[in-house]
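Subject: Predicted two-chain model for your review

Dear colleague,

Please find the structure below, handed over for your own work. A description of what was found in it comes after the entry.

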Amino acid sequence: MKKKFLIASHGKLAAGLQSSLEILANKGKDVEIINAYLTEEDYTPKITAFIASVQSDEQGVIFTDLFGGSVNQKVVNQVLTAKKDNIFVISNTNLPIVLSLLLSPDDTLTRENITATIRDGQVTLLSLTLPTGKTDDLDAFF
Amino acid sequence: MISQIRVDDRLIHGQVAVVWTKELNSPLLVVANDEAAKNEIMQMTLKMAVPTGMKLLIRSVEDAIQIFNDPRGKDKRIFAIVNCVSDATKIAKNVQNIDSVNVANAGRFDKSDPKQKTMLFHSVLLNPEELAAAQELAALPQVKAYNQVLPNNPKLDLQEALTKL
């Protein structure tokens, strides 16, 4: 199934994510972006146009930066107004989640597989303690 | 068998961990690098870069060659990663059953004199020793050698690029 992606953010986060996607996976062109509030221009029509572009046999994913932020509110508003059930909205977006969904081998996205992707792509506080002892095992490798 | 030897001066990173392991369907990763084999900090950061569900071994080039020749690996798809062309050439000369060598990214962090380096592909800069190793690699009849940074980039033949220099 064809999937379409939009990233909408306050300022240039969307463009920044697009740039990272291009370098990591050559996928920058696979996302549309909205960098809101850089100018006074109303960006709502861009959201509406994206939603309208998702055909009934396609799926759309809209990534927003902040849960409850104005960009997120506008997106949710437009999706609900359009009454389409083939569009998912994700907020508090980060790079691993966008990358994983763009590269997802699943033909069809479901709430379940998106939720699993989100769980695997969480912000993490790293442990910086070096492991002691034997760290890998040849027998377990094969 | 080795599904691919990738030459990458960053060893395991986003392109490799996320994109290539899926593309090659190779859940077994071997980093063949003398420095990483003895540097605990490098080992820790390399392990962080490996997605869950994949297995990783970090070995010196010499020890990695033994692993690649281990009969238990014959029917498995192993993805080998080295950080310079000369290590890839050494492995290619000492291991049977290698599908291809991908000279993806090389020479950007090797601290050798930039004026001595030849740009062979967009992100492949080779000092004289590395260039000689690339010529040796391209001449090996049993392996295909090319440059392909990401799976949706075209494969650029190594021998052709060397001929054009």
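Residues are numbered from 1 along each chain as its sequence is written, while chains are lettered from A and ligands numbered from 1 in the order in which they are written.

The predictor assigns the complex an ipTM of 0.72 and a pTM of 0.82.

Chain B contains seven helices and nine strands; helices (H or I, at least four residues) and strands (E, at least two) are DSSP runs, numbered from the N terminus. The radius of gyration of chain B, 15 Å, is close to the 15 Å that the globule rule gives for 165 residues, so chain B is as compact as a globular protein of that length. That radius is taken over C-alpha atoms, and the rule is 2.2 Å times the number of residues to the power 0.38. Along the principal axes, the C-alpha atoms of chain B fill a box of roughly 40 × 35 × 30 Å. Of its 165 residues, 42% count as buried. A residue is buried if 20 or more other C-beta atoms, placed from the backbone, lie within 10 Å of its own, exposed if 12 or fewer, and partly exposed in between.

Seven strands of chain B form an open sheet of mixed pairing, in the order 3-2-4-1-5-8-9; two strands pair if DSSP finds at least two bridges between them. Strand 3 and strand 9 (156-157) of chain B stand at the edges with a single partner strand each, so one side of each is left without a neighbour in the sheet. Helix 1 (residues 14-24) of chain B packs on the sheet and touches strand 1 (2-8) and strand 4 of chain B. The direction of this helix makes about 155 degrees with that of strand 1 of chain B; axes are lines fitted to C-alpha atoms, for helices over the stretch in contact, and angles run from 0 to 180 degrees between N-to-C directions.

Strand 2 (residues 28-32) of chain B has five of its five residues buried, so it is largely enclosed by the rest of the structure. B:Leu28, B:Val30 and B:Ala32 lie on one side, with B:Leu29 and B:Val31 on the other. Strand 2 of chain B runs parallel to strand 3 (residues 55-59) of chain B, joined by five bridges, and parallel to strand 4 (residues 78-82) of chain B, joined by four bridges.

A:Asn92 lies in the loop between strand 4 (87-90) and helix 4 (95-102) of chain A. B:Asn97 lies in the loop between helix 5 (85-94) and strand 5 (100-105) of chain B.

Between the chains, 11 residues of chain A are in contact (C-beta atoms, placed from the backbone, within 7 Å) with 20 residues of chain B. Helix 1 (13-25) and helix 6 (138-141) of chain A are the elements that give two or more residues to that side of chain A.

Yours sincerely

Note on methods. Predicted model: local features only at pLDDT ≥ 70, side-chain atom pairs only at ≥ 80, totals over all residues. Contact = placed C-beta atoms within 7 Å.
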